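Here is a friendly walk through one model. Have a look at the display below, and then we can go through it piece by piece.

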Amino acid sequence: MSGSLPADHFVDRLLAAGFDFFVGVPCSLVKTLLVELERRGLYLGETREDAALGMAAGAYLAGRTPVVVMQNSGLGVSLNALGSLHLLYRIPALLLVTWRGYQGEDAPEHLVMGEVLPRLLEVFGVPFRAPPPEALEPAVDWAAACIRETRRPVALVVRPGIFE
Amino acid sequence: MTLTDALALLTPAIPDGTVCIHANGHIGRAGCAARDRDECFYMIGSMGLASSIGLGVALAQPRRRVLVLDGDGNLLMNLGALATIAAARPPNLLHVCFDNGAHASTGGQPTVSDRVPLDEVARAAGYRFVGRVETRAALAAEAPAFLAREGPAFLLVRIALGPPGPPAPRIPHAPETMTARVRRALGVPSVSEVPSDSEGAR
């Protein structure tokens with residue numbers, strides 16, 4: 001299945017919006033995106049999503065505007081970092097969170113997180129958008145503006161079929 | 001040698017301008033009391049992530065020296081960071097682990113560091129240098145050399161579990177003040193920063 005959004009365009013858009021530090025833990029839904037980031041030597045793989053958030057926080061302290069790529073399962077791993085580091089210290093990051101379990105159609109291990117994902121982001125006060133493929137690129141500018149204004153993490157939720 | 005003793009020996013030797021990322025719990029409190037500078041960042045939560053934060057700073061500013069002040073409980077909570085740091089091989093990252101074999105700030109519950117030597121774990125991961133000191137004399141002798149080493153370098157400082165209760169008051173700085181302070185000290189322009197009471201979530 002070829003993705004409906006060319007990964008190189010999307011990376012260009014991220015860079016143009018000022019994002020300049022990329023770290024994460026992989027998900028199959030962003031396979032082509034990770035290939036493109038690695039091709040450009042921009043991506044650092046972490047062992048866990050909260051550790052990736054820690055690296056992103058350090059990069060922000062040093063002047064970067066970070067992106068953290070993760071599967072939504074990793075959002076569960078990330079909650080303490082978000083709550084007691086990013087939100088508390090006003091350290092922003094763009095979270096690119098894939099949506100496994102979207103509309104209840106996925107392997108069983110993804111169904112619970114797939115169902116609660118939007119509510120979980122709301123509960124944590126993380127502004128997010130989960131746009132259709134054609135609206136994901138424009139949402140990057142929204143995310144960048146949101147980060148500049150609030151200095152809080154913001155999420156773009158990546159539905160299945162966009163970058164596969 | 002207690003944590004306070006170890007910090008009294010180590011912190012005066014830290015070159016000005018070095019970014020210090022302190023783990024949460026007693027390490028941040030005692031570190032702040034020992035020598036607070038604008039380049040010091042103190043985690044009050046996010047246990048385990050001091051090493052990851054330090055790696056992010058080190059990679060983002062390769063010419064800046066970064067020192068992570070970690071503990072055995074913190075390190076064990078994020079052992080993967082040892083692998084990520086060793087693989088990334090940042091020459092400007094130094095990692096000290098104060099090892100008292102316990103979660104001191106939650107009542108001294110034991111960790112497994114008495115049976116799992118964390119310096120050996122760092123060595124196996126592939127840190128460029130790994131050292132271990134267990135006495136004041138050894139720390140005093142090693143500190144200046146360690147602080148000048150090419151990273152990633154790891155120093156385990158074996159300390160005694162101190163008396164019950166915190167070794168120093170809570171961190172006096174508000175969290176977001178620390179963020180702004182460190183960024184300023186690292187030469188990051190603050191033009192994009194807005195008053196803290198703004199609400200941008202829409």
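Which residues are buried in H2(B)? Please keep in mind that this is a predicted model. In H2(B), the buried residues are B:His26, B:Ile27, B:Gly28, B:Arg29, B:Ala30, B:Gly31, B:Cys32 and B:Ala34. Helix H2 of chain B spans residues 26-34, and because eight of its nine residues are buried, the helix is largely enclosed by the rest of the structure.

What covers the buried residues of H2(B)? The cover includes the following elements of chain B.

| Element of chain B | Residues |
|---|---|
| helix H1 | 3-10 |
| strand E1 | 19-22 |
| strand E2 | 40-42 |
| strand E3 | 66-71 |
| strand E4 | 93-99 |

The axes of H1(B) and H2(B) cross at roughly 45° and come within 10 Å. On the H1(B) side, the contact is made by B:Leu3, B:Thr4, B:Leu7 and B:Ala8, while H2(B) brings B:His26, B:Ile27, B:Ala30, B:Gly31 and B:Ala34. Sorted by class, the residues of this contact are six nonpolar and three polar, with no charged ones. The five that come from H2(B), namely B:His26, B:Ile27, B:Ala30, B:Gly31 and B:Ala34, are also listed among its buried residues.

Now to chain A. The secondary structure of chain A consists of six helices and six strands, and from the N terminus on they run α-β-α-β-α-β-α-β-α-β-α-β. The globule rule gives 15 Å for 164 residues and the radius of gyration of chain A is 14 Å, so chain A is as compact as a globular protein of that length. Along the principal axes, its C-alpha atoms fill a box of roughly 40 × 30 × 30 Å. Of the 164 residues of chain A, 53% count as buried. Among contacts in chain A with a separation of 6 or more, 76% are between residues 24 or more positions apart.

Finally, how many residues does the contact between the chains take from each? It takes 31 residues from chain A and 35 residues from chain B. On the chain A side, helix H3 (49-61), helix H4 (72-89) and helix H6 (133-150) each supply at least two residues. H3(A) gives the most, with nine residues. By class, this side of chain A has 15 nonpolar, eight polar and eight charged residues.

Definitions and conventions:
Residues are numbered from 1 along each chain as its sequence is written. Chains are lettered from A and ligands numbered from 1 in the order in which they are written. This is a predicted model: local features need pLDDT of at least 70, side-chain atom pairs count only at pLDDT 80 or more; totals for chains, interfaces and linings use all residues. A residue is buried if 20 or more other C-beta atoms lie within 10 Å of its own, exposed if 12 or fewer, and partly exposed in between; C-beta atoms are placed from the backbone. Helices (H or I, at least four residues) and strands (E, at least two) are DSSP runs, numbered from the N terminus. Two residues are in contact if their C-beta atoms, placed from the backbone, lie within 7 Å. Ala, Val, Leu, Ile, Met, Phe, Trp, Tyr, Cys and Pro count as nonpolar, Asp, Glu, Lys and Arg as charged, and the others, Gly among them, as polar. The radius of gyration is taken over C-alpha atoms; the globule rule is 2.2 Å times the number of residues to the power 0.38. Axes are lines fitted to C-alpha atoms, for helices over the stretch in contact, and angles run from 0 to 180 degrees between N-to-C directions.
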